[in-house]
Amino acid sequence: MTAARGTAAEAVPTQAPRVTGGEPERAAFLEAALGDPFDPGNPHGQLALLRADDARAVPEATEALLAEAGLGAEFVPHDLGGRLTDLERLARVLRPVFRRDLALGYGFGITSLFAASSVWTAGDDDQRRAVARVLLGGGRVSIVHRQIAHANAILRNELAATRTPDGGFVLNGRKDAVINADRTDVFVTYARTDAQDGPGSHSVLLLGPEPPLSGRVRRSRRVETSGMRGARFCGIELTDVALPASAVVGSVGEGVSLALRSFQISHCLVPGTVVACVDGVLRQAVRAATENRPGGQPARRRHKAITGVFADLLACDAMAVTGLRALSLAPRDAYVPAAAVKYTMPDLLREDLDEMAAVLGARGYDRGPHYGGFQKLARDLPVAGLGHSGTALCQAVIVPQLSTLARTVWFRSAEPPAELFAPGAPLPVFDHRRLAHSGTDDLLSATLVAVAGRLDGTGGRDPLRTALARLARTFVDELRVLRARCAALPGADGTAFDPQACVLADRYALVLAAAACLGVWEGRAAAGDGFLAGPAWAVVALGRLARRLGAQVPDVPAEAESSVLAEVLERCRTGLSLDLYATRLAG
């Protein structure tokens, strides 16, 4: 391990490059190092990764490459010797990994960030330095979640911590599935320290890297999951594990608050990386639709699906990137937008995978390097927190805020700065400690109202701009209806399981998705940024979002669909990514 770390230090820059609007140096480095994913002889290509998945094995060669590249340093704040400066840049650095294998991205490291985030947020200097040393040395950190409603195996069961006379704790309990539990001695545990439910019921305790004072940590056999089969999950059982008072991260009883603060990172970062996975599936669908076709053009019956999924992908990226940038630019008001990102994306992705399945046809069952990733992604997504349990977590964040937002914020907030919607533009250094789990503003609804106002009356003879103005107004009207309905809800304590409030949260999240699209489009239009500066993609994206609301919207103009189709075909032909950045890919 020491030799490998030495090689990585020589090969990889130790200073975090500043985001300048171009592709981050580390992202380009990893894309090139991982190579052509469709080359059957590439040890890091699709065929090798699919074979590892079939065998439920970790892709050892690719993990070794990432370890040598020092990927763990990406999860450590720059002031602790790492390369984490802002989360948008981190998402871009991780996309080459996720583009090839979601399980690899999770299993190798991103979950270490999710575990460490509570330490970065509220840990003392000793705790922060100890966890940083583990990650910078190529190790991993595992997170032991508390139990929640709608629990899957990862969220089921929990640990209980009992105070001792000297102020320490004794941990007992088990978890059925903890990622990388058999590959680490460092656990960030959310343990129950109060028998009564409530905001002070849990505390965060750091177990490791030093052995506990006494007791036993037993790891059970590996758990086989339906998806992410190459990732390593196993159960753990703690019996009378004694920890000193210094193991508490933050304060006793602060666990729920820390979860709400630090989980904002995963709410945005998971969608911000999974976009790359869907990029690969859409690329497969385009290949299937254009193979042996005259002029490389898909049959007309495939146009709507391909353009629609591409527009959805750009909409998801607009929302994810906006959320990631908000965590640096407006951390006090990012709480609800961050949850809305992860709340909206799973449904969009499920629908998109269904559409891609129809385009792929029988190729969707192929296990070869060109099409094998489709079925794998369909299995992996729910395990990655994009299933029902992840949606329920985000719903629990949004629903209690609706009545307050409706009464005090909507149609009253000031418009946020344009930098929020400028993918790749420089950001202030991200500081976990500035995260909050409540806010007084709604950044995205204010943007929706402002952009819609600027679009009114500007269409002239441009049918696409006219269509975009009408769609923007549709979402403003929806927000106005939501304001009336949400203002009539009971207070935060009474809405958590109100079915009506849950439906309103669904609709509100789609409104925020439309607002993010409009914000990004307007920013790109002002910059004259090629395809994204035109209204075509935003028209297709907002049209699909409006139909999910059940709104009556006219058919998308033919020129919008043709423009979006031409772009996706050109990007696939020239090897550019199908996200907001259109960066060069290997292979």
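The model is predicted, so local features need pLDDT of at least 70, side-chain atom pairs count only at pLDDT 80 or more, and totals for chains, interfaces and linings use all residues. Residues are numbered from 1 along each chain as its sequence is written, and side-chain values use heavy atoms, with hydrogens and water left out.

Q: What makes Arg100 and Glu31 a salt bridge?
A: The rule asks for a side-chain nitrogen of Lys or Arg within 4 Å of a carboxyl oxygen of Asp or Glu. Arg100 and Glu31 come in at 2.9 Å, N to O, so the pair qualifies. The same rule gives a count of 43 salt bridges.

Q: Which helices hold Arg100 and Glu31?
A: Arg100 sits in α5 (residues 87–100) and Glu31 in α2 (residues 25–34), 69 residues apart. Helices here are DSSP runs (H or I, at least four residues) and strands likewise (E, at least two), numbered from the N terminus.

Q: Why is Arg100 called buried?
A: Buried means under 20% relative accessible area, exposed over 50%, and partly exposed in between (1.4 Å probe, protein chains only). Arg100 has 6%, so buried it is. Glu31, also at 6%, counts as buried too.

Q: How do you know that Asp53 and Arg367 meet in a salt bridge?
A: Their N to O distance is 3.9 Å, so it falls within the cut-off. Asp53 lies in α3 (residues 46–54) and Arg367 in the loop between α10 (335–360) and α11 (373–386), so the pair ties together parts 314 residues apart in sequence.

Q: Are Asp53 and Arg367 buried or partly exposed?
A: Asp53 has a relative accessible area of 2%, which makes it buried, while Arg367, with 30%, is partly exposed.

Q: Why are α9 and α18 called roughly perpendicular?
A: Angles under 35 degrees count as roughly parallel, over 145 as roughly antiparallel, 65 to 115 as roughly perpendicular and the rest as oblique. Helix α9 (residues 303–329) and helix α18 (residues 536–549) pack at about 90 degrees, with axes 8 Å apart, so the label is roughly perpendicular. The axes are lines fitted to C-alpha atoms, for helices over the stretch in contact, and angles run from 0 to 180 degrees between N-to-C directions.

Q: Which residues of α9 and α18 meet?
A: Contact means heavy atoms within 4.5 Å. Among those meeting are Leu314 and Asp312 in α9, and Trp537 and Arg544 in α18.
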